[in-house]
Amino acid sequence: MAMTSLAVRTATPADVASFGIGEPRDLGAAPGDDWSGFLASLEVHRLTGLALAASNAGALRLTEEQAETLASNHGKAMAAALTIERELLEVGLVFREAGLNPVVLKGPAVAHSAYPDASWRPFGDLDLLVRTAEWRSACQALEGSGRRRRLPEPRPGFDERFGKAAVHRGPAGIEVDLHRTLVVGPFGLWIRPDEVFEHTAPLSLGGRTFERLDDTCLMLHACVHAALGWRAPFLWTVRDVGQIALMAGVDWGALATVAERWRLQVVVQHALTMATELLRVPMPAGAETVMALSSRRSERRALDAYVTEQRTRGGTAVSTLRAIPGVTAKAAYLRALLFPRRDFLQQRDETRKPSYVRRWMTAVRWMAARRG
Amino acid sequence: MTDVLFYQSPSALIRRVDKDVLLASQRREGIDLLSGTARSVWELLETPRTLESLLDALAEIYAVEPGGISTDVESLLRDLEARGWVERVADGDD
């Protein structure tokens, strides 16, 4: 007599990350033997909202106790998101008084414009993009409102030439990440930051209107964040790619044009491949336009500096150096890396006495590791 | 109160979490949590309603007589208004 085994499928965080896009499917049951580990993963990958929605839709099976814990923890994540949105309203006023109009990036912008319910997308800080010409005024406006810059500029003029962003922290401890471009390193240098402001759309929040990236540029930035943000991507960044690709109004032809202009073809291709594989959903037909783009060796090499072991061996700094045009500018970048201001060194590692030798030894270790 | 329309304040920052609604605003510290009837009232005011219309809708949801809940609902509305989550406009105003 044939025996049928009825195995219960155990859901993974990647399964949860795929909820609500593509064909509806059963994600299985949360692991009973490692519920705390599973919940911790959902929190680290900012998937508690998707897990709760999947549970309410019957796609993810949770015990009553698991569902209660998940709802409680997700409530905390949403309280944090609301606190950040309140900070956005306050910082928005500070910038308006300074005559500045920043673009809201990532968390609040994606949650409110790409997801069917903003509670599906937790976030942990506030990211704002300003024009390079307005960088100093924006930093001063934040400082003037009691939001202190966490790390000083490594050397005078570094921010506008090579910098990506500066984190400011207010009295309530909320971090405002002020951006000048979308990513650190070579791709950040190839992007034309002031052109980003040509690709915006309105974002309504708390009775006010801000600027966010339009759906096409939102997609581009989601790809940049997922592909280059961390060597091993957080699942919410990959979900953002899938969410925006499948649910927002991306103009794929325009995306291909901008990606080529800013030398981001390989980045978008890498992110789309990750989203297809991790979320197990096919990307829209329009994505083929971007997947078919060719790229230069220098761009593929730059991508490797972010997504391979090179990243832990100074890969991003080396590839930035390669991407900086001109010997004088390269020398200025190198000088800032090797001889930053002493207060930069001090605040970068407050537990130890500032030391140039220790900093140089890091570079030596990188070189040794690259040769080894 | 019947000539007045009540509606969700556009200045409220909102998150729906399971059976609850979390609300925050720039005007006040902290975050409020609405559940049960308070959440129902809040959700119904997504489109402006008179008190009478609100009572009728709640009576249908909870299978009760509108007259039996009017005192509690008026008190809840006052509280939501005081906290800045609900605003009012005279019916017919632009």
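## An exposed serine in chain B

B:S75 is exposed, because 10 other C-beta atoms lie within 10 Å. The cut-offs are these: a residue is buried if 20 or more other C-beta atoms lie within 10 Å of its own, exposed if 12 or fewer, and partly exposed in between, with C-beta atoms placed from the backbone. B:S75 sits in helix α3 of chain B. Helices (H or I, at least four residues) and strands (E, at least two) are DSSP runs, numbered from the N terminus.

This is a predicted model, in which local features need pLDDT of at least 70 and side-chain atom pairs count only at pLDDT 80 or more, while totals for chains, interfaces and linings use all residues. Residues are numbered from 1 along each chain as its sequence is written, and chains are lettered from A and ligands numbered from 1 in the order in which they are written.

## The sheet of chain B

Chain B has an open sheet of 3 strands, in the order β2-β3-β4, with antiparallel pairing. Its edge strands are β2 (13-17) and β4 (28-34), each of which pairs on one side only. From one strand to the next, the twist averages 15°. Two strands pair if DSSP finds at least two bridges between them.

β2(B) and β3(B) (residues 20-25) run antiparallel and are joined by 5 bridges. Across this pair, B:I14 stands opposite B:L23 of β3(B). The loop between β2 and β3 of chain B holds B:D18. B:D18 is not a glycine, yet it has a positive phi of about 55°. It counts as partly exposed because it has 18 C-beta neighbours inside 10 Å.

β3(B) and β4(B) also run antiparallel, with 4 bridges joining them. A hairpin links β3(B) to β4(B) through 2 residues. B:S25 has B:R28 in β4(B) as its bridge partner.

## Where the chains meet

Contact between two residues requires C-beta atoms, placed from the backbone, within 7 Å of each other. On that basis, 18 residues of chain A touch 12 residues of chain B. Helix α4(A) gives the most to the chain A side, with 12 residues. By class, that side has 8 nonpolar, 6 polar and 4 charged residues. Here Ala, Val, Leu, Ile, Met, Phe, Trp, Tyr, Cys and Pro count as nonpolar, Asp, Glu, Lys and Arg as charged, and the others, Gly among them, as polar.

Helix α4 (residues 64-97) of chain A lies across β2, β3 and β4 of chain B. It runs at about 170° to β2(B). Axes are lines fitted to C-alpha atoms, for helices over the stretch in contact, and angles run from 0 to 180 degrees between N-to-C directions.

## Helix pairs

Two packed helices are described by the angle between their axes and the distance between the axes. In chain B, the axes of α2 (residues 51-62) and α3 (residues 66-82) come within 9 Å and cross at roughly 120°. The two helices are therefore oblique to each other. Angles under 35 degrees count as roughly parallel, over 145 as roughly antiparallel, 65 to 115 as roughly perpendicular and the rest as oblique. α2(B) passes α3(B) in a right-handed crossing. A crossing is right-handed if the near helix is turned clockwise from the far one by less than a right angle, and left-handed if anticlockwise. B:L51, B:L54, B:L55, B:D56, B:L58 and B:A59 in α2(B) meet B:P66, B:I69, B:S70, B:V73 and B:E74 in α3(B). This contact has 8 nonpolar, 1 polar and 2 charged residues.

In chain A, the axes of α3 (residues 48-56) and α4 come within 9 Å and cross at roughly 140°. α3(A) and α4(A) are therefore oblique too. Their crossing is left-handed. From α3(A), the contact takes A:T48, A:G49, A:A51, A:L52 and A:S55, and from α4(A), A:A67, A:L70, A:A71, A:N73, A:H74 and A:A77. These residues divide into 6 nonpolar, 5 polar and no charged.

## A buried helix in chain A

Helix α5 (residues 106-113) of chain A has 7 of its 8 residues buried, so the rest of the structure largely encloses it. The buried residues are A:K106, A:G107, A:P108, A:A109, A:V110, A:A111 and A:S113.

A:K106 is found in this helix, α5 of chain A. It counts as buried because it has 27 C-beta neighbours inside 10 Å. Its phi is near 50°, a positive value in a residue other than glycine.
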